Amino acid sequence: MISVCIATYNGEKFIRQQLESILPQLSMNDEIVISDDHSTDNTIEIIKSLKDARIHLYFHEADIHAMFHIDRSTHNFVNALSHANGDIIFLADQDDFWLPNKVETTIQQLKSYDLVISNCIIGDEALNTTGKMYSDIRPFKTGVLNNIIKSHYLGCCMAFRKDVYQKALPFPKHGVAHDLWIGLTAERFFRVGYIKQPLVIYRRHTGTVTYSGKENKTSLAFKLKYRLLIVKALISHNNM
């Protein structure tokens with residue numbers, strides 16, 4: 001069984017198109033698990049209007065103070081993951097678009113690996129592409145240290161066995177993105193595979209929540225503090 005986990009917040013502009021790119025690739029026994037962070041637009045109405053029993057909607061009740069920009073979206077994703085029933089989990093963003101061969105290609109690779117991450121095509125708000133790949137901006141690199149220095153784990157391109165998610169528990173409360181944490185867990189305990197071909201159109205627009213691929217303009221002190229939190233989380237996880 002496949003579980004596709006999506007975190008939503010005010011995603012009315014793109015969520016229908018994303019769901020309609022995913023649903024045809026799933027069997028009737030698979031599911032899409034959506035955690036919504038109390039959207040104030042028509043996101044929920046659009047999701048419900050699809051009337052597909054494979055879509056399961058939950059709401060994220062924040063129980064932490066967000067110290068970093070990524071904290072709230074990370075825990076929204078973690079809420080979705082906590083409700084996943086599948087033995088294979090895909091992550092998806094509310095505003096991207098899955099290419100038709102994404103599930104088939106990924107499942108084939110998961111026969112040899114526990115986590116796989118694919119390339120993606122960069123698209124604009126209307127999904128117009130120039131042929132530029134995410135790998136042109138940030139070539140994928142394995143290794144715990146490499147990914148502490150600069151994360152190469154892009155959640156919308158990741159799929160993994162449920163064992164990886166369970167090993168990642170508990171997720172750090174602050175400062176560590178869900179996709180990086182899952183990637184680091186896979187690096188340490190499982191087999192990681194990379195798919196060079198793009199399987200997603202990675203939509204970049206003014207409302208994008210994450211900053212992957214953009215120039216990082218944060219201070220050196222902030223960067224060091226952020227990476228120290230990652231190291232502390234890894235040490236704490238080792239001692240559990």
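Reader: How many disulfides does a search of the whole structure find?
Author: This is a predicted model, in which local features need pLDDT of at least 70 and side-chain atom pairs count only at pLDDT 80 or more, while totals for chains, interfaces and linings use all residues. Residues are numbered from 1 along each chain as its sequence is written, and side-chain values use heavy atoms, with hydrogens and water left out. A disulfide is a pair of cysteine sulfur atoms within 2.5 Å, and the number that the search of the whole structure finds is zero.

Reader: How far is the sulfur of cysteine 5 from the closest cysteine sulfur?
Author: Cysteine 5 counts as buried, at 0% relative accessibility. Its closest cysteine sulfur is in cysteine 156, too far for a bond because the distance is 14 Å.

Reader: Which residue has its backbone oxygen 3.1 Å from a polar atom of the side chain of asparagine 147?
Author: Asparagine 147 counts as buried, with 0% relative accessibility. The backbone oxygen that lies 3.1 Å from a polar atom of its side chain belongs to lysine 141.

Technical notes. Buried < 20%, exposed > 50% of the residue type's maximum accessible area, 1.4 Å probe, protein only. Polar contact = N/O pair within 3.5 Å; in protein donor to acceptor, adjacent residues only side chain to side chain.
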